[in-house]
Amino acid sequence: MSFGQSERATQKRVIKLFQEELGYTYLGNWQDREGNSNIEEKQLTSYLTRAGYSPAQISQAIYKLQSEASNPNRSLYANNHTTYHLLRYGVYVKTDEHPETQTVHLVNWHTPAANDFYIAEEVTLRGTHERRPDIVLYLNGIAVGVLELKRASVSIGDGIRQLISNQKPDFNQHFFSTVQFVFAGNDAEGLRYGTTGTLEKYFLTWKEDVDDNSRFKLDKYLLKMCNQARFIELMYNFVLFDGGVKKVPRVHQYFGMKATQKRIRKWEGGIIWHTQGSGKSMVMVLLAKWLLENNPHARVAIITDRDELDKQIEAVFTAAGEEISRSRSGRELLTQLAQATPRLLCSLVHKFGKRDAADFERFIADLEDAPSQVVGELYVFVDECHRTQSGKLNRTMKARLPADTVFIGFTGTPLLKQDKQTSLEVFGNYIHTYKFSEAVEDNVVLDLMYEARDIDQRLSSEEDIDDWFALVTQGLNDWQKDELRKKWGTMQKMLSSNSRMDRVVTDIYRDFRRRPRLSGDRGTAMLVARSIYEACKYFVLFGRTSLAGKCALVTSYNPYAGDISKEDTGAGSETDKQFIYNTYTELLQDVAPAAGKTKTETYEDSVKKQFRDEPANMKLLIVVDKLLTGFDAPSCSYLYIDKSMQDHGLFQAICRTNRLDGDDKDFGYIVDYKDLFKKVETAIAVYASELDHSAPGIDPDVLMKERLSKAKERLDTALETLHLLCEPVAPPAENLEHIHYFCGNTEKTSDLKAREPQRAALYKSVASLVRAYANLADELGAAGYTPAAQTRLKEQLKYYVDLRAVIRNASSETLDLKAYEADMRHLIDSYIEADAPRQISPFDDMPLLEIMAKTGIDKALDSLPDGIKENPEAVAATIENNVRSKIIKEHLSDPVFYASMSALLDELVQNRKAKALEYEAYLAQIAELAEQVQTGQGEGVPSSLDTPGRRALYNNLDQNEALALQVDATVKEVCPEGWRGVQTRERVIKAALYGLLQDQVKVEQIFPVIVQQTEY
């Protein structure tokens, strides 16, 4: 008897919930129904007819919707964007009866009950590969939601990955062009949601009425999100297309918007406190869009206090498709406000006037007596309002604008008590809060790990240099080490220098070699320098390491010859100004300035983009003041601070590291070289006691984790997780028992599929263990492990890594199939082997069958883990499973050939089990069969069939050599560009095939084979 409900039972319960509690109409089980579509014409026609449109208008509207949804020349994002526009704003049509343009509204957004909500299950989608979503939600016959359900014992991640793969061109991408929300759920973990194109790491959870524990969380949040009125509202007001990424709201963004809308309707302002990294910009865009759409008199001005943020605001709104005007001067700003357009603009608070007037109070009084003219009803959004909420600039801004202007303040940083009174005077009280601890709990941002480093003590001995050399040269032979030693002079001099900055560089560089997140291709870091001079000095020093070319400067400096015209270098040395000037001049010598930008701006824009989008190519940014607020780069994992900072500035800076970026990023790491711990403690105290705690919700605590203790906790937890995962393995818990538990019968595909969740959990847990160990490998003693415990740790680590290899080989999962496995090999090679350097096997990353085909059976057997190759039965099962897996994987590419190979394998297995074959003879025969399966070529194939495609045609055309060559040539001649998955282009090939074969059945048999060949 299995524990928990089956997937089918969960699905039946959910369908009943949609029917009885949400009021959706059940369309049925569409597993065998032909013509399933994302636009069901019958239901859509019924709705549009009831809405009063004529048959001609309906016909045109449906045709235009279908055409835009299935445009083969656009990406899924583009088709979905265009389709969403038609759903939201309607379809323009002209008919003979109505020659003037009419709008056919496909959805009644303002009266949810006027729409038709449907649900269908097991909706079979046919294409290159057939898929069947568990549940599809239809709005007036248009597919707007897809739900994948799993049984409670299967990870919700499986459902998410299924949703993602369904959107790929090889599967059912076209179906998702109308879909607005995708959901994955089970009874154990609840519900996760996203939209088309959402990556797995960005799937979200809803959180509401947390005290209600009366039913499954899956049911609870389907009722919340798919309630007809709310579902309509979410689609209408909360979907955003942002520069190539489609976004839907997190729960705090939704309720923040709702609270602000309520406040605005009462003509009141206030403060939105959403912690750093939680998406304030999206709330700004959605709120501005709602205001401008629903109030024809509304004007919205976004105000910041830094040029960098002003540019960022402009970029955010532009990427979201909202036209915004950026004021370049105070005169332009006031001129724009005095006109009816633009309705949406952004500017700096400094543009409102001077703060150095001789009699400032008189200046303010004069402004208040005659404020600037503003056309319309003005709403001012003040970004980072903790900085602009007080002072002369803000008073000038308020005096310039009409008294009825509504001010909305946005901050990601908690407000100090000392600022509370001023903030209340300027903005009003809190509208909505979402605090740091809430965001960490909800997995919206990562927690922070703090480490203070006394750099002089850490690198004061010669041993550190020897250790560093050993770290760099691990795994090298004596000759290679000798060659490297010849080039070591300069580096050794730098490492042994008394210069503190040299030592900081060395310390950081060590992290880039030993920390998993930095040594791979996914993690990056920022270094905060005290001054532009020190930033340039750091840049030059890092240029002597392998980070040269992957390190950049981002400061406020722009080289100008006048800077050094009066500098006297004296005695052949550089002054600080000359050093800065020369560094930047050399840095920018090959930079061609972009239109309207200086060389420095062009360079900085380029390196920031690389840092965000290409972390493997831009690993370290050296900054002074720039990028410490508002700059988001998920890859950024470490912040090295070599500058005195405090309060808001410190908190904002350290939050550069806490963005989500996959399973291998667990924390944002803060490394402090400036003895800031007391200031960090003060900052924490500020966020624990000096804050305005009157804001609703939980207290705004920010907890900084001490690195070694937290790292030890993670390592211990990783080991405990693996112990519990393997606990159900039957005694004596050797390799065979582990294979049975994690794979079942490896000859049965159904067994392997059924146990995939256990294997996925094992792979993920071992990856977590390796990362946790690598983070502490050099500091196990300091973390509290005794020598005996350290030895035991290494033994356990080796045990679980070997177990993973055994299971991976037994299941034929020789390639890393899950996202969290991407850098597993790198971590093992870099850290596990560090204690005992050895030559890495040349076969480590090569599939078993490929080894057999290239080097023979002996080398292949030698590449197997010790636990397998010592057992002939395990060897046989592993090889057979690898062969069978290859046959299954490649079957569609050549059905006839691989069917014959499958039959031969079955015969071989039966003979082995019946002991008709001795082990040596068996190995010889299985090696011959494996080579044929791996190469895809049997015996006696004519030499003219020299490609996989030709051989597949030959095998599937009754071994007719001439016909196979003729079909090959014809397909290559007629196949259009990008023909796969595009029906009109596929028909061109099928027509040509029919001309040769004169048999439609044969055409339909051979066409799938052609689809699988990469050469066509």
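Reader: Which exposed residues does the face of α3 turned away from its buried side carry?

Author: A general idea comes first. An α-helix has 3.6 residues a turn, so residues three or four places apart point the same way. In this predicted model, the face of α3 turned away from its buried side carries the exposed residues Pro-55 and Tyr-63.

Reader: Which residues of α3 are buried?

Author: They are Gln-57, Ile-58, Ala-61, Ile-62, Leu-65 and Ala-69. Viewed down the axis of α3, these buried residues fall within an arc of 125 degrees, so they line one face of the helix. The cover over them includes α2 (41–50), α4 (76–89), β2 (91–93), β3 (102–104) and β6 (142–149).

Reader: How many residues has helix α3, and what distance does the helix reach from its first C-alpha to its last?

Author: Helix α3 spans residues 55–69 and has 15 residues. The distance from its first C-alpha to its last is 21 Å, close to the 21 Å expected at 1.5 Å a residue.

Reader: Let us turn to the rings. What describes a pair of aromatic rings?

Author: Such a pair is described by the distance of the centres and the angle of the planes. The count here comes to 26 aromatic pairs. One of them joins Tyr-254 and Phe-255, with 4.9 Å from centre to centre and 80 degrees between the planes. Planes over 60 degrees apart count as edge-to-face, and the pair of Tyr-254 and Phe-255 is therefore edge-to-face.

Reader: Is Tyr-254 buried or exposed?

Author: Tyr-254 is buried, its relative accessible area being 3%. Phe-255, at 27% relative accessibility, counts as partly exposed.

Reader: What is the mean pLDDT of the protein chain, and where is confidence lowest?

Author: The mean pLDDT of the chain is 78, and 77% of its residues reach 70 or more. Confidence is lowest in helix α33 (residues 824–831), at a mean of 33, and highest in strand β5 (residues 135–139), at 98. Over residues 456–462 the pLDDT is below 50, and this stretch has 13 contacts in the model beyond near neighbours in sequence. Residues 815–846 also stay under 50.

Reader: How many helices and strands are there in the protein chain?

Author: The chain has 43 helices and 24 strands. Of its 1016 residues, 53% count as buried.

How values were computed: Residues numbered from 1 in each chain as written. Predicted model: local features only at pLDDT ≥ 70, side-chain atom pairs only at ≥ 80, totals over all residues. Heavy atoms only, no water. Helix = DSSP H or I, 4+ residues; strand = E, 2+ residues; numbered from the N terminus. Buried < 20%, exposed > 50% of the residue type's maximum accessible area, 1.4 Å probe, protein only. pLDDT = per-residue confidence, 0-100. Contact = heavy atoms within 4.5 Å. Expected span 1.5 Å × (residues − 1). Arc of directions from axis to C-beta. Phe/Tyr/Trp six-rings, centres within 6.5 Å; stacked < 30°, edge-to-face > 60°.
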